[in-house]
Amino acid sequence: MTNATVRDAAREISAWADGLFHGLEDLERKLSAHLTADFAGEPPFEVGRKARAALGVDVADFLGAHSGFDGAGLIFKLDLLEPSTARIEWWITDGDDIARRDFILDRSSDRFYDYEYLEWFEGGFNAGTRTLAGPYIDHLGVDDYIVTLTVPCHVGDRRVGVAGIDILMNDVESQLIRMLAPLGHGAALLSRHNQVLVGNSGELSTGVRIAVMPPGFSRLPLEVAGVDLSLLYRDDES
């Protein structure tokens, strides 16, 4: 393996991650366009039946074109929505079908889905950046390991929430293991928290945090706009 091999792997992984976010940003533009009329004026807003139907069609088309994606849609800043009708506009894959997913947004309920403090919403809405959160177990969905990608959602000049996608880790791993293979044993993609997203050795299993750079390893930041990802690899393999 040569330094060129490391650079080639970094470019391929960067292009893969950047492509995911570009696809999500395209979806955000399509979905937010359906909200122009319902989100005119001042809050609270309410997504009408016509807009919701159009959102569902576009999300179904998007999920149908990406077999490894578990869910997609829009999640709003809750205070912007009319409390009595507030909903997350989210759809999931259900076998060969696409199904709408409902969450409890009543703050008085002990099952209230308090999502605004979660990393994917904090990053996408509060920081207004591309955000990759996880891997984590989706206890409210597929009960499996997923990663969530979000980008800010705007209607006109107003930021109203985030657009997001959930991707099963099985799909992420199948993509990245192939891309890491040229680097040999002991390579991994790290998140901004220095957590292993996918690695190709036992000590670099998914979820492990690399608090201190191990001896004999190097780290190369990836060129993915707005997302702090890096490639970990063994020096002695280069």
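Where is the place of Leu222? In this predicted model, Leu222 sits in the loop that links strand S9 (217-221) to strand S10 (230-234).

**Figure 1. A close-up of Leu222 and its neighbours.** Start with the loop between S9 and S10, where Leu222 has its place. Is Leu222 buried or exposed? Leu222 counts as buried because its relative accessible area is 8%, and the cut-off for buried is under 20%. Leaving aside residues up to four places away in sequence, Leu222 touches Ala10, Ile13, Ser14, Leu189, Leu229, Ser230 and Leu231. Now look for Leu20: in sequence, 202 residues separate Leu20 from Leu222, yet C-alpha to C-alpha they are 14 Å apart in space.

**Figure 2. An open sheet built from 6 strands.** Follow the strands across and you'll read the order S3-S2-S1-S6-S5-S4, with antiparallel pairing. At the edges are strand S3 (97-101) and strand S4 (131-137), and each of these pairs on one side only. From one strand to the next, the twist averages 25°. Two helices pack on this sheet. Helix H1 (residues 3-33) touches strand S1 (69-76), S4, S5 and strand S6 (158-168), and the direction of H1 makes about 45° with that of S5. Helix H2 (residues 49-64) touches S1, strand S2 (89-94), S3 and S6, and its direction makes about 40° with that of S2.

**Figure 3. Zooming in on the S2 and S3 hairpin.** Here S2 and S3 run antiparallel, joined by 5 bridges. Pick out Asp94, which stands opposite Asp97 in S3. How many residues lie between S2 and S3 in the hairpin? There are 2, and Gly95 in the turn has a positive phi of about 65°.

**Figure 4. The pairing of S4 with S5.** Over at this part of the sheet, S4 and strand S5 (residues 145-155) pair in the antiparallel sense over 5 bridges. To get your bearings, find Ala133, which stands opposite Thr148 in S5.

**Figure 5. The largest cavity, with a lining of nonpolar residues.** About 70 Å³ of space lies in this cavity, one of 2 cavities of 30 Å³ or more in the structure. Which residues line the largest cavity? They are Trp16, Ala17, Leu20, Leu132, Val147, Leu149, Ile167, Val172, Leu189 and Leu197. By class, that's 10 nonpolar residues, with no polar and no charged ones. H1 and S5 each supply at least two residues of this lining, and H1 gives the most, with 3 residues.

**Figure 6. The second largest cavity, with charged residues in its lining.** This cavity has a volume of about 40 Å³. Around it you'll find Phe45, Glu46, Val47, Arg52, Leu81, Thr85, Ala86, Arg87 and Glu89. Sorted by class, the lining has 4 nonpolar, 1 polar and 4 charged residues.

**Figure 7. The second largest pocket, lined by 14 residues.** The volume of this pocket is about 160 Å³. Which residues of the lining lie nearest its centre? Look for Glu119, Arg130, Thr131, Leu132 and Arg192. Helix H3 (119-126) and S4 are the elements that give two or more residues to the lining, and the largest share, 3 residues, comes from H3.

Technical notes:
Residues are numbered from 1 along each chain as its sequence is written. This is a predicted model: local features need pLDDT of at least 70, side-chain atom pairs count only at pLDDT 80 or more; totals for chains, interfaces and linings use all residues. Side-chain values use heavy atoms; hydrogens and water are left out. Two strands pair if DSSP finds at least two bridges between them. Helices (H or I, at least four residues) and strands (E, at least two) are DSSP runs, numbered from the N terminus. Axes are lines fitted to C-alpha atoms, for helices over the stretch in contact, and angles run from 0 to 180 degrees between N-to-C directions. Contact means heavy atoms within 4.5 Å. Buried means under 20% relative accessible area, exposed over 50%, partly exposed in between (1.4 Å probe, protein chains only). On a 1 Å grid over the protein atoms alone, a cavity is a set of points where a 1.4 Å probe fits but cannot get out, and a pocket is an open set with protein on both sides within 12 Å along at least five of seven lines; lining residues have an atom within 4 Å of a point. Grid points are joined across faces, edges and corners, and a volume is the space filled by probe spheres set on the points. Ala, Val, Leu, Ile, Met, Phe, Trp, Tyr, Cys and Pro count as nonpolar, Asp, Glu, Lys and Arg as charged, and the others, Gly among them, as polar.
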